[in-house]
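Here is a short report on one protein chain. Look over the sequence and the model first, then read on.

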Amino acid sequence: MIQDEYQQRYSEHQKRKREELIAIMRHRHSDRMFGDKDVDQGLIDEVLEAGALAPSSCDRHGVRPVVVTQRDEKALLGGILVGGVGWVHRAKAIILLMGDPIAYKAPGEVLNMPFIDAGVMMQNMLLSADAIGLAAAIVNPNIRAEHRPFFRAAWGDGVFGGAVALGWPMPPDWVFETS
């Protein structure tokens with residue numbers, strides 16, 4: 001197929017976009033160590049927008065983000081989220097993904113679909129965070145039974161589908177000291 005110069009430029013542009021996305025995917029990794037610098041609300045909003053752009057089952061968009069930035073709330077999460085113990089409180093922002101059980105009406109959907117929808121949102125958020133230079137990691141939704149009342153008291157009765165912890169990466173000259 002012969003392409004004119006305009007079609008050739010367009011084809012090259014499309015190829016660059018694919019290559020940039022693949023490069024972000026290859027670079028993406030979990031960061032559980034965060035620098036001290038605060039994350040501007042505008043950058044958090046960009047990550048939230050990426051999550052909102054994710055497809056969802058039957059286009060319900062029944063999972064909503066809840067942004068946690070307060071020290072005491074992050075400390076609480078650090079103590080009750082099984083996957084976040086010992087590190088999640090250091091993130092500058094934690095985005096909880098809460099599914100609304102009313103959005104998932106078919107039998108069995110409340111068991112699976114909020115988690116699938118939250119997972120797709122998390123992937124978009126993680127790729128977006130990487131693209132803008134933030135450190136990020138998934139926090140799994142496991143909460144020990146004895147801690148669930150504390151979680152519900154703070155964040156309600158929605159289906160907790162997981163979370164994304166955000167912050168700036170550790171400075172390149174940072175060294176982990178053991179003693």
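Which residue stands opposite L96 in β2? The residue is V66.

## Basis of the model

This is a predicted model, in which local features need pLDDT of at least 70, side-chain atom pairs count only at pLDDT 80 or more, and totals for chains, interfaces and linings use all residues. Residues are numbered from 1 along each chain as its sequence is written, and side-chain values use heavy atoms, with hydrogens and water left out.

## Overall layout

The chain has five helices and four strands. Helices (H or I, at least four residues) and strands (E, at least two) are DSSP runs, numbered from the N terminus. Along the sequence, the pattern reads α-α-β-α-β-α-β-α-β. The C-alpha atoms fill a box of roughly 65 × 55 × 25 Å, taken along the principal axes.

Of the 179 residues in the chain, 38% are buried. Buried means under 20% relative accessible area, exposed over 50%, and partly exposed in between (1.4 Å probe, protein chains only). Contacts here are heavy atoms within 4.5 Å. Among contacts between residues at least 6 apart in sequence, 83% join residues at least 24 apart.

## The strands

Two strands pair if DSSP finds at least two bridges between them. Strand β1 (residues 63-68) runs antiparallel to β2, and six bridges join the two. β2 also pairs with β4, in the antiparallel sense, over six bridges. There, L96 stands opposite A163 in β4, and A93 stands opposite L166 in β4. Strand β3 (residues 135-139) pairs with β4 in the antiparallel sense over five bridges. A136 has L166 as its bridge partner in β4.

In β2, seven of its seven residues are buried. A93, I95, L97 and G99 point one way from the strand. I94, L96 and M98 point the other way. In a regular strand the side chains alternate between the two faces of the sheet. β4 is mostly covered too, with nine of its nine residues buried.

## The nonpolar cores

A nonpolar core is a set of buried Ala, Val, Leu, Ile, Met, Phe, Trp, Tyr and Cys residues joined through side-chain atoms within 4.5 Å. The largest one has 24 residues. Which of them touch the most other members? They are V47, I95, L97, M125, L134, V164 and L166. Elements α2 (41-52), β2 (93-99), α4 (109-131) and β4 (159-167) each supply at least two residues of this core. The largest share, seven residues, comes from α4. In soluble globular proteins, nonpolar side chains tend to be buried together.

L166 shows how many parts of the sequence can meet at one residue. Leaving aside its neighbours within four places in sequence, L166 is in contact with F34, V47, A91, K92, A93, I95, A129, A135 and A136. A second, separate core has 21 residues, including F34, I94, I143 and A165.

## Helix α1

E5 is found in helix α1 (residues 5-27). Is E5 buried or exposed? E5 is exposed, because its relative accessible area is 52%. E5 and R26 are 21 residues apart along the chain, and their C-alpha atoms are separated by 31 Å.

## Charge

The chain has 19 positive and 23 negative side chains. Lys and Arg count as positive and Asp and Glu as negative, while His and the chain ends are not counted. The centres of the two sets lie 4 Å apart, with each charge placed at NZ of Lys, CZ of Arg, CG of Asp or CD of Glu.
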